[in-house]
Protein chains: 2
Amino acid sequence: MAWALVNASPDILAQLQANSLLQPERAVRDTAICGIVLVDGQVDHTTGLYMLREATRSWPIWCTDSVHTDLTKGNPVLNVLAHYCGVERRRIDLAGDGFRVDGVAGVHWHALPLTSKPAPYSPNREAPLAGDNIGLRIENSATGQALLYAPGVGAIDEALWRSMQSAACVLLDGTCWSDDELIRLGVSRKRAREIGHLPQSGAGGMLEWLDRLPSRTRKVLIHINNTNPILDEDSAERAELARRGVEVAWDGMEITL
Amino acid sequence: MAWALVNASPDILAQLQANSLLQPERAVRDTAICGIVLVDGQVDHTTGLYMLREATRSWPIWCTDSVHTDLTKGNPVLNVLAHYCGVERRRIDLAGDGFRVDGVAGVHWHALPLTSKPAPYSPNREAPLAGDNIGLRIENSATGQALLYAPGVGAIDEALWRSMQSAACVLLDGTCWSDDELIRLGVSRKRAREIGHLPQSGAGGMLEWLDRLPSRTRKVLIHINNTNPILDEDSAERAELARRGVEVAWDGMEITL
């Protein structure tokens, strides 16, 4: 079976080792991953690319123009890969009607520009452009059921809200519980919203939006920072999620559409 | 206790998690690592720096001028870190009489230029300069006993051989068993020597050199490629190492000088 990898985490080596489906062993240094889709140029979504450099063929990598610039200028990992396996860049066109990942049959992909923040080394850091951060609507062509994946959501705009409402499952930005969490814990001087992440709690927070979704929608938080109390399964915040029917993603989670 | 980190592997997160000594927990995001020493600008020695970006203070990083150029031009991870924790670069001077890592008491460090190859993205790739790759002589000031660490050794020159002879323990380049190993397995078109690694077997190979060291010298192979048969504990090659008194390094190995 052929797989698409969405973002390349610094944990990619552990992820590959834990998942035998990704290791078909048809040849030396084989992989079942046939394409990589990036939603932004952040370190936590791209560092794993270095660990994939010894692939036996060029990686097809889907990304927007903004992300391509971040990854060839500010943090030029794609240039580095060119010295190893090579990259076949596939352009994500925000104006188009979506794309397919070659080799992954029966899945239609659609990119959704998000209100968030590009990486600190992006030329657009202080004046974000559409395409610096995207969400992905991933649709099972056979059933028409779609999943929405959006790890960096600074605010929920009209297009994102429409996409959330029509998805069978949403995987949404769970970075911070509260807007001032990073400041209170002394790890940053910035609020969650200032770095492009809508907090879960408080007025206008993610939980208020999730409450308004249809009850049949599966709601899962992802991209959870290690300062977020929901990582503690015994916390009051985690209990609140359970009451509201909101799940916390875990390594190896499988979702069927 | 204060620790120096020599090279930042892509496995750094697993290494930190496995070693509680490195997690003193005196504060949020605390670490016992107080300085980083780099021997070259290769991906396998620098990718872990991305995972150390959320440190609460700038990282003191020791490297030569050549390596600093590789990591600010070809693969500018040090520029990327400047957007996060920051870097305090400490210059390794090949002409000097060594250096100390601030905070790590009782240890004297000495850099040894090696005949090897810088990373593919280095401006010096095809015409290596002294300082592209170094070995480290790490001496316990109290006992005078020294360890030699050299993961990238393309050839053993006079200075390296002298350093090998006077070390209590040598950790040496164990990348490939045979010069044509990468070609035979179809993972590269290059011989081990062409990419700056002296193979273990054959005339003039690493094992011949190790045989000539004093019998009291502890001999350990490091930086072992996943094509090298010595990783298989039941292989004939591994048995040959045992006969010759040569060890294979393992994760978590501790060496006392």
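**Reading a two-chain interface**

Mentor: Let's start where the chains meet: 26 residues of chain A touch 25 residues of chain B. Keep in mind that this is a predicted model.

Trainee: Okay. What area is buried between chain A and chain B, and what share do carbon and sulfur atoms give?

Mentor: About 2100 Å² is buried between the two chains, and carbon and sulfur atoms give 65% of that. On chain A's side, Arg29(A), Val43(A) and Tyr50(A) supply 22% of the area the chain buries against chain B, more than any other three residues.

Trainee: Which elements of chain A give two or more residues to that side?

Mentor: Helix H2 (43–46) and helix H3 (48–51) of chain A. By class, the side of chain A that touches chain B holds 14 nonpolar, 8 polar and 4 charged residues.

Trainee: How many salt bridges and how many residue pairs in polar contact are there between chain A and chain B?

Mentor: The general idea for the first: side chains of opposite charge can pair when their charged atoms come close. Between chain A and chain B, the salt bridge count is 0. Polar contacts do turn up, with 7 residue pairs, both partners at pLDDT 80 or more.

Trainee: How do I read the relation between the copies?

Mentor: In general, two copies of a chain are related by a rotation about an axis and a shift along it. Here, a rotation of 180° with 0.0 Å of shift along its axis superposes chain A on chain B, at an RMSD of 0.0 Å. The two copies are therefore related as by a two-fold rotation axis.

Trainee: Why can we say the copies meet through the same surface?

Mentor: Because 96% of the interface residues of chain A are also interface residues in chain B.

Trainee: And what about the chain's overall form?

Mentor: Chain A has 9 helices and 10 strands. Its C-alpha atoms fill a box of roughly 50 × 40 × 35 Å along the principal axes. A compact globule of 257 residues would have a radius of gyration near 18 Å, and chain A agrees, with 18 Å.

Methods:
Residues are numbered from 1 along each chain as its sequence is written. Chains are lettered from A and ligands numbered from 1 in the order in which they are written. This is a predicted model: local features need pLDDT of at least 70, side-chain atom pairs count only at pLDDT 80 or more; totals for chains, interfaces and linings use all residues. Side-chain values use heavy atoms; hydrogens and water are left out. Contact means heavy atoms within 4.5 Å. Buried area is the accessible area (1.4 Å probe) that two parts lose on being put together, summed over both. A salt bridge is a side-chain nitrogen of Lys or Arg within 4 Å of a carboxyl oxygen of Asp or Glu. A polar contact is a pair of N or O atoms within 3.5 Å; within protein, one must be able to donate a hydrogen and the other to accept it, and residues adjacent in sequence count only if both atoms are side-chain atoms. Helices (H or I, at least four residues) and strands (E, at least two) are DSSP runs, numbered from the N terminus. Ala, Val, Leu, Ile, Met, Phe, Trp, Tyr, Cys and Pro count as nonpolar, Asp, Glu, Lys and Arg as charged, and the others, Gly among them, as polar. Copies are superposed by least squares on the C-alpha atoms of residues with pLDDT of at least 70 in both. The radius of gyration is taken over C-alpha atoms; the globule rule is 2.2 Å times the number of residues to the power 0.38.
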